[in-house]
Amino acid sequence: MRSCCAALLLLVLCACTASGPPGLDDPRACADSRNCASAFPRGSWQFVHLIEFSLADGAGGTVIGVTVLDGQTIKCALTTTEGMTLFEAESAGSLKVLRAVSPFDKPGFAQGLLADVRTIFVRPQAAPLCGMLDEGQSVCRYRNKSGITDVMSTEDGCPRITTWTAAGLPDRTITAHDCSLNHGYQLARSLVLQAVGKGGYILKMKLLRAQQGM
Amino acid sequence: MRFLRVFFLIVPGLILPVIALAAGGSAVQPVRVQAVQADFSQEKHLKILVRPLISRGRFLFKAPDSLRWEYTSPFHSVLLMDKGRVRKFIEKNGRFVEDTGMRLDAMQVVMTEISGWLDGRFTDNAAFAVTRDGQAVRLVPKDKGMAVFISAIELKLSDRPGLLDSVTIHEGEGAFTRLIFSGAAFNPPIDAGLFAAP
């Protein structure tokens, strides 16, 4: 009996952790879909967020996050709430860390932060497919060599973005709240990013300022 | 976190020594500052920023060791230092929540600095090398640990004795924070409760 339970538990765990994205019914190309396009900003923007972070080990804190988007260039910075710079980097193809003080200088931190920024703000490089999930919810799906990104709408019309790695493992989920259309972008007053996996964390981001057309 | 240490080392020290300097010229004369209150606007400049980040707030200081550094815009947060204890609060959903994600082990150092400046021992400060040119004062950290965060601090004294126009904290290439003060009042009555709770 005990071994059966263990086997069942293992089966459930496997199903939950490596299931990959759900199947799409009636998939079709939808590059011009407004729902797909409005989930990500276009053009030049500068965003400032108050970010409350919670790490898997229980640690956490609050910082200010700055994101500057300009074409293919992404720039980002973290400061304390008093304005002291913790981290500053830019990516225009390759990542260049301009400043990183401990503990924000740990290996992998810059790449992880940039992945967060890309997931939230950068439309995946792929032609989307639109379709329906089993539950009847419409989804806009991007698939490329980095993985899979699903964009759905929440009940209040904000985007919910879910990503899987190229191996089909759950990666990040972003849920936007209190959105309004701004230059074709569903600008959210708050966002929650949940990164799953061994080094999982949660970011609760409150928009302080958004400026378009820098 | 060291950031808080640096911040608390700098912020009160930026205000108080200037009062002493402005009153006393190069031959620094002690100015007995029991309390200070002022509004501030803060510009944060970074190399990557197209436009600076602007914050506003006010601070209250009461000798010997009480400080309230409060941001009112674009979000509401309060740093409190009272009798050697430092706490930080951020307003969330209409109420203040203490941010415990920082270490507060540097208060002894901070208090030493503040009391020294209050006594007019500004040039004797162990933390900074100080030079003055007219109304401009430049402080360079002596400690390499602090220099990681701060490369230099520039103070601009007001023409009016006892007032400070601005403070610029340089962190490195293209990164600096400028504090511009207004509405300063010296030795106003301040409710002690403002240092104890947000």
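## Close-up views of a predicted two-chain model

**Figure 1. An exposed alanine in chain B.** With 11 C-beta neighbours inside 10 Å, B:A126 counts as exposed, because the cut-off for that class is 12 or fewer. The structure shown here and in the views below is a predicted model. B:A126 sits in the loop that links α2 (107-118) to β7 (128-133) of chain B.

**Figure 2. The hairpin of β5 and β6 in chain A.** Moving on from the previous view, β5(A) is also joined by six bridges to strand β6 (residues 94-100) of chain A, and these two run antiparallel. A:F87 stands opposite A:A100 of β6(A). In this hairpin there is one residue between the strands, and the turn holds A:G93 with a positive phi of about 100 degrees.

**Figure 3. The side of chain A that touches chain B.** Contacts between the chains involve 27 residues of chain A and 26 residues of chain B. On the chain A side, the elements giving two or more residues are β2 (45-55), β3 (60-70), β4, β5, β6 and β13 (201-212). Which element of chain A gives the largest share? That is β3(A), with five residues. Sorted by class, this side of chain A has 11 nonpolar, 10 polar and six charged residues.

**Figure 4. Helix α3 of chain A.** Helix α3 (residues 109-121) of chain A is built from 13 residues and reaches 18 Å from its first C-alpha to its last, close to the 18 Å expected at 1.5 Å a residue. Look along α3(A) for its buried positions: A:A110, A:L113, A:D116, A:V117, A:T119 and A:I120.

Figure 5. In chain A, the peptide bond from A:S102 to A:P103 is cis, with omega near 5 degrees. You will find A:P103 in the loop between β6 and α3 of chain A. Over in chain B, the bond from B:S73 to B:P74 is cis, with omega near 5 degrees. The loop that holds B:P74 runs between β3 (66-73) and β4 (77-82) of chain B.

Figure 6. A:D26 is not a glycine, although its phi is positive at about 55 degrees. This residue belongs to strand β1 (residues 25-29) of chain A. Is A:D26 buried or exposed? A:D26 is exposed, because 9 other C-beta atoms lie within 10 Å. B:N187, again a residue other than glycine, has a positive phi near 55 degrees and lies in the segment after β11 (175-186) of chain B. With 13 other C-beta atoms within 10 Å, B:N187 is partly exposed.

Technical notes
Residues numbered from 1 in each chain as written. Chains lettered and ligands numbered in written order. Predicted model: local features only at pLDDT ≥ 70, side-chain atom pairs only at ≥ 80, totals over all residues. Pairing = 2+ DSSP bridges. Helix = DSSP H or I, 4+ residues; strand = E, 2+ residues; numbered from the N terminus. Contact = placed C-beta atoms within 7 Å. Nonpolar A, V, L, I, M, F, W, Y, C, P; charged D, E, K, R; others polar. Buried ≥ 20, exposed ≤ 12 C-beta atoms within 10 Å, placed from the backbone. Expected span 1.5 Å × (residues − 1).
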